[in-house]
Amino acid sequence: MVNLTPTELERYSRQMMLPNFGELAQKRLKSATVLVTGVGGLGGTAALYLAVAGVGRLILVRGGDLRLDDMNRQVLMTDDWVGKPRVFKAQETLQAINPDVQIEAVHDYITPENVDSLVQSADMALDCAHNFTERNLLNEACVRWRKPMVEAAMDGMEAYLTTIIPGVTPCLSCLFPEKPDWDRRGFSVIGAVSGTLACLTALEAVKLITGFSQPLLSQLLTIDFTRMEFAKRRSQRDRSCAVCGNNAPWRYVQSQDMETTSMGTRD
């Protein structure tokens, strides 16, 4: 396992004080590679908290340029960057905040052509894309390659969050066989809503990587920010699911080194 430098020991000293965390959990964070899709108000803010927590390598995936109406929530951006590819500004900002973290930027959306290579290059994924086309592709690839995925989405004042372990928990297709109508680009959003969900998303990833606390496994956290109501709902795998069910097309072609358990259980 990797060692921590004196600078890193000082930088992360406060979180290493947590019960069941310590230096071992911090080394697990440093050893991890996390794929973050949809680097906007949700994915960008989640990436920020993973960077300051000390995740060793972040792969940021987001196509398109920054728009002025992104600026109410995308905290990695600056006004002078409007009209330019946002993913490169996200990379620049995160690298300036924590130079000890390796940040890679992919100026593209999740597509059938790139999803497998991206998922294979990471230990886990954060699904923060703005549409379910990308979410479905990422979910399928994570199931195919047995990679954990933190699933987070919001629309207006509503949000949901869960952690998916292929073969253990329901996948996205189990949870939403019929997808919510949250695919439009002009969705309403207050920055604090996407930011709050992003913090919870990053915390789920930290729990999953380190094993210091229990993530939301087979539990769907739903949030109504209008009423500040948080609820956990038990979820079940659909054995007939076309993505992760018993007859899924890639079920019998998994490579031997694919894991089905939480990253935090590894030595």
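These are my notebook entries on a predicted model of one protein.

**Ground rules.** I number residues from 1 along each chain as its sequence is written, and I leave hydrogens and water out, so that side-chain values use heavy atoms. Because the model is predicted, local features need pLDDT of at least 70 and side-chain atom pairs count only at pLDDT 80 or more, while totals for chains, interfaces and linings use all residues.

**Overall.** I looked up the secondary structure and found nine helices and eight strands. These are DSSP runs numbered from the N terminus (helices are H or I, at least four residues; strands are E, at least two). Of the 267 residues, 56% are buried, meaning under 20% relative accessible area, with exposed over 50% and partly exposed in between (1.4 Å probe, protein chains only). I also checked contacts, meaning heavy atoms within 4.5 Å. Of those with a separation of 6 or more, 66% are between residues 24 or more positions apart.

Strand E2 (residues 57-61) and strand E3 (residues 102-106) run parallel and are joined by five bridges; two strands pair if DSSP finds at least two bridges between them. I noted that Val61 has Val106 in E3 as its bridge partner. Between the two strands the chain passes through helix H5 (residues 86-97), and this β-α-β crossover is right-handed. Right-handed here means that, with the strands pointing away from the viewer, the path from the first strand over the helix to the second runs clockwise.

**H5 itself.** I compared the helix with its expected span, which is 1.5 Å times one less than its number of residues. The twelve residues of H5 should span 16 Å, and the end C-alpha atoms are 17 Å apart, which agrees. I list Arg86, Val87, Lys89, Ala90, Thr93 and Leu94 as its buried residues. Down the axis of H5 they fall within an arc of 155°, so they line one face of the helix; the arc is that of the directions from the helix axis to the C-beta atoms. Their cover includes helix H4 (43-53), E2 and E3.

**Thr37.** Thr37 is in strand E1 (residues 33-37). I count Thr37 as buried because its relative accessibility is 1%. A polar atom of its side chain lies 3.3 Å from the backbone nitrogen of Cys128. Leaving out residues up to four places away in sequence, Thr37 touches residues including Val61, Ile110, Cys128 and Leu138.

**H3.** In helix H3 (residues 22-31) I found Gly22, Ala25, Gln26, Lys27, Arg28 and Leu29 buried. Helix H2 (13-16), H4 and helix H9 (191-210) are among what covers them.

How values were computed
Polar contact = N/O pair within 3.5 Å; in protein donor to acceptor, adjacent residues only side chain to side chain.
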